[in-house]
Amino acid sequence: MCIGTSLPHISSILELASNSKGLLIPRMSTTDRNAISSPATGLMIYDISLNSFYYFNGASWAEIGSSASANSWQLSGNSGTGASDFIGTTDGQPLIFKVNNVLAGQVHSSNVNTDNYN
């Protein structure tokens, strides 16, 4: 099936094409999302209560781009961290800090902890 194109990609079951319109994902509250009976793995919705996209990962609802799906450090803090968790680099490159997109400091190695830039 195709919408907006006469030549859909052969690997797709559905292809949408437009230069002026987008795809509108179903929008619902958190209560409505949680009330979906037996959601399919990969089901995606936009949660209007939380203003974020969610998908069902086969076991629970996960926010797209959140720590639940990306295992990233959060600005509001993290729980469940252990001795192997850290903020830094693994490739020998400095850890760079910026304020207003201007270099504010770097951590180069265990020998040189910080550089201050004014």
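Does Ser29 count as buried or exposed, and at what relative accessibility? At 16% relative accessibility, Ser29 counts as buried, where buried means under 20% relative accessible area, exposed over 50%, and partly exposed in between, with a 1.4 Å probe and protein chains only.

The model is predicted, so local features need pLDDT of at least 70 and side-chain atom pairs count only at pLDDT 80 or more, while totals for chains, interfaces and linings use all residues. Residues are numbered from 1 along each chain as its sequence is written, and side-chain values use heavy atoms, with hydrogens and water left out.

The protein chain has 2 helices and 9 strands. These are DSSP runs numbered from the N terminus: helices are H or I with at least four residues, strands are E with at least two. Along the sequence they follow the pattern β-β-β-α-β-β-β-α-β-β-β. Of the 118 residues in the protein chain, 14% are buried. Among contacts with a separation of 6 or more, 3% come from residues 24 or more positions apart; a contact means heavy atoms within 4.5 Å.

Ser29 sits in the loop between strand E3 (27–28) and helix H1 (30–34). Its side chain reaches the backbone nitrogen of Asp32 at 3.1 Å. Leaving aside residues up to four places away in sequence, Ser29 touches Asp47, Ile48 and Ser49.

Asp47 also takes part in a salt bridge, with Arg33 as partner and 3.0 Å between the closest N and O atoms. The pair links distant parts of the chain, since Arg33 is in helix H1 and Asp47 in strand E4 (residues 44–47), 14 residues apart. A salt bridge here is a side-chain nitrogen of Lys or Arg within 4 Å of a carboxyl oxygen of Asp or Glu, and by this rule the count comes to 1. Side chains of opposite charge can pair when their charged atoms come close. Both Arg33 and Asp47 are buried.

The surface can be followed next. The protein chain has an accessible surface of about 9400 Å², of which 53% belongs to carbon and sulfur atoms. Such areas come from the Shrake-Rupley method with a 1.4 Å probe, and for residues only the protein chains shown count as cover. A nonpolar patch on the surface is formed by Ile3, Ile13, Leu14, Leu16 and Leu23, with about 540 Å² of accessible area together. Patches are made of residues with over 30% relative accessible area and no salt bridge; like charges are joined within 9 Å, and nonpolar side chains (Val, Leu, Ile, Met, Phe, Trp, Tyr) within 5 Å. Ile3 lies in strand E1 (residues 2–3) and, at 48% relative accessibility, counts as partly exposed.

Notes:
A polar contact is a pair of N or O atoms within 3.5 Å; within protein, one must be able to donate a hydrogen and the other to accept it, and residues adjacent in sequence count only if both atoms are side-chain atoms.
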